[in-house]
Amino acid sequence: MTTEWPVEAQISVTKPDERIRLESLDSWLRLDSNFRGRVKLSGIPSEGDLGTAAELLTVAIGSGGVISVLATSLSAWLQQPKKTDITLKVTRPNGTAVEIDAKRATPEEVTELLNRALGAEERATE
């Protein structure tokens, strides 16, 4: 079975200040021309809220090294001041997921984790 591209990666912030951090990551990725038109921020309104709270960032991933570009961009974003206490969860539509702890993940580890979660190796076998 072959995978249809682009695949969507769903990114959530598991702690702390989820909404603010996710909006920050959304803005960060939208500044990169590689992700223009590929990023969508979505959420579910909380009871009593008039708007929606950001809960999920979806990034369309395609061929041509976008996974590596995403890994580099996430690594740079995580290394900014006040981002070191963040944990990101990256999920593929099939449920494959990894968590990236900013305190513990080097840029190389972020790339490896994203490749694993987003199935860079699976493309060759599917």
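## Close-up views of a predicted model

**View 1. Helix H2 passes helix H3 in a right-handed crossing.** The model shown here and in the views below is predicted. Two packed helices are described by the angle between their axes and the distance between the axes. H2 covers residues 66–78, and H3 covers residues 107–118. The two helices pack at an angle of about 135°. Their axes lie 9 Å apart.

**View 2. Residues of H2 meet residues of H3.** From H2 come Ile-67, Leu-70, Ala-71, Leu-74, Ser-75 and Leu-78. From H3 come Pro-107, Val-110, Thr-111, Leu-114, Asn-115 and Leu-118. Which kinds of residue make up the contact of H2 with H3? Nine are nonpolar and three are polar. No charged residue takes part in this contact.

**View 3. Glu-23 and Arg-19 form a salt bridge.** The structure holds two salt bridges. In the pair of Glu-23 and Arg-19, the closest N and O atoms are 3.5 Å apart. Both residues lie in helix H1, which covers residues 18–30. Glu-23 and Arg-19 are four residues apart, about one turn of the helix.

View 4. Asp-26 has 9% relative accessibility, which is under 20%, so Asp-26 counts as buried. Arg-30 has a relative accessible area of 39% and is partly exposed.

**View 5. Ser-73 is a buried residue of helix H2.** The relative accessible area of Ser-73 is 8%. Because this value is under 20%, Ser-73 counts as buried. Which residues does Ser-73 touch, not counting those up to four places away in sequence? They are Trp-28, Leu-29, Asp-32 and Phe-35. Of these, Trp-28 and Leu-29 have numbers that fall within H1, residues 18–30.

**View 6. Ala-105 sits in the loop between strand S5 and H3.** Strand S5 covers residues 97–101. Ala-105 is partly exposed, with a relative accessible area of 21%. Leaving aside residues up to four places away in sequence, Ala-105 touches Ile-100 and Val-110. Val-110 is also one of the H3 residues that meet H2. Thr-87 is 18 residues from Ala-105 in sequence. In space, the two are 9.9 Å apart, C-alpha to C-alpha.

**View 7. Asp-17 sits in the loop between strand S1 and H1.** Strand S1 covers residues 7–15. Asp-17 has 45% relative accessibility and counts as partly exposed. How far from Asp-17 is Ile-86, C-alpha to C-alpha? The separation is 8.8 Å. Along the chain, Asp-17 and Ile-86 are 69 residues apart.

Key
Residues are numbered from 1 along each chain as its sequence is written. This is a predicted model: local features need pLDDT of at least 70, side-chain atom pairs count only at pLDDT 80 or more; totals for chains, interfaces and linings use all residues. Side-chain values use heavy atoms; hydrogens and water are left out. A salt bridge is a side-chain nitrogen of Lys or Arg within 4 Å of a carboxyl oxygen of Asp or Glu. Buried means under 20% relative accessible area, exposed over 50%, partly exposed in between (1.4 Å probe, protein chains only). Axes are lines fitted to C-alpha atoms, for helices over the stretch in contact, and angles run from 0 to 180 degrees between N-to-C directions. A crossing is left-handed if the near helix is turned anticlockwise from the far one by less than a right angle, and right-handed if clockwise. Contact means heavy atoms within 4.5 Å. Ala, Val, Leu, Ile, Met, Phe, Trp, Tyr, Cys and Pro count as nonpolar, Asp, Glu, Lys and Arg as charged, and the others, Gly among them, as polar.
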